[in-house]
Amino acid sequence: MQLCRYLLIPRAVWASALALLAVGCAVQPTAGPPPATAFNATDTAWVQLMIPMDERARLLTDLAPSRKGDPAVAALAAKTARRLREDLVRLRATLELSGVPDTRPHEGHDMPGMVSLGTLAKASAATGPAFDRILTEALRAHLTQSRRLCAGERTRGQAAEAKELATAIAQSTAVQISRLGTLRPPMPAASKAPRS
């Protein structure tokens, strides 16, 4: 009987020690920000598409100060350029948060709404009303497509960070589209009437 008692006591002590060790080694909750929501394919595709779209639009808006066009168009271009820079910082931070490497899968592509390299070349060669026309048309297409892409992210995305950014970008693009609507569209260059 005493032998059984001596064998049971060490087993109970070992069991208690193991239980305490297991509890002590378990992951304990920590203070700080909650972990980021998992990014799904829509989240990462949206960010990877928005970055090159905004980069191209920024290249176009950055031309405006030297084109000597309508001051209202130049002011809109400056506001849009500032917003694009801010959005690019947030988009890159969101991409980093997603853990997806910046492989630039859309590099060199001309997609709907993206300012094409051809448009940039034309804008670089234009001044005055011709430049204003190129800028406003390209910005309208860019902003409209950005809004569509943001709506898709908000509907099918998963990560809260990406969806919040999509909401913010959609709101700012709505304001910019409204501003574009208040500008007088530049008149196309007068063409000579054909002789009879």
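Let's start with Q176, which sits in helix α6. Helices here are DSSP runs of H or I with at least four residues, while strands are E runs of at least two, and both are numbered from the N terminus. This is a predicted model, where local features need pLDDT of at least 70, side-chain atom pairs count only at pLDDT 80 or more, and totals for chains, interfaces and linings use all residues. Residues are numbered from 1 along each chain as its sequence is written, and side-chain values use heavy atoms, with hydrogens and water left out.

Back to Q176: its relative accessibility is 6%, so it counts as buried. (Buried means under 20% relative accessible area, exposed means over 50%, and partly exposed is in between, using a 1.4 Å probe and protein chains only.) Setting aside neighbours within four places in sequence, Q176 is in contact (heavy atoms within 4.5 Å) with L76, T80, R83 and L143.

I177 is in α6 too, a helix covering residues 160-182. I177 counts as partly exposed because its relative accessibility is 21%. Beyond neighbours within four places in sequence, I177 has contacts with L143, T144 and R147. As for T144, its C-alpha atom is 7.6 Å from that of I177, although 33 residues separate the two along the chain.

What about α6 as a whole? Its 23 residues reach 34 Å from first C-alpha to last, close to the 33 Å expected at 1.5 Å a residue; that expected span is 1.5 Å times one less than the number of residues. Its buried residues include A162, L165, I169 and L180. The cover over the buried residues of α6 includes α2 (41-61), α3 (71-98) and α5 (128-156).

Over in α3 you'll find R92. R92 has 37% relative accessibility, so it counts as partly exposed. Not counting residues up to four places away in sequence, R92 touches I51 and E55.

| Residue | Relative accessibility | State |
|---|---|---|
| Q176 | 6% | buried |
| I177 | 21% | partly exposed |
| R92 | 37% | partly exposed |

Now for the whole protein chain. It has 6 helices and 0 strands, running α-α-α-α-α-α from the N terminus on. Of its 196 residues, 37% are buried. Take the contacts between residues at least 6 apart in sequence: 84% of them join residues at least 24 apart.
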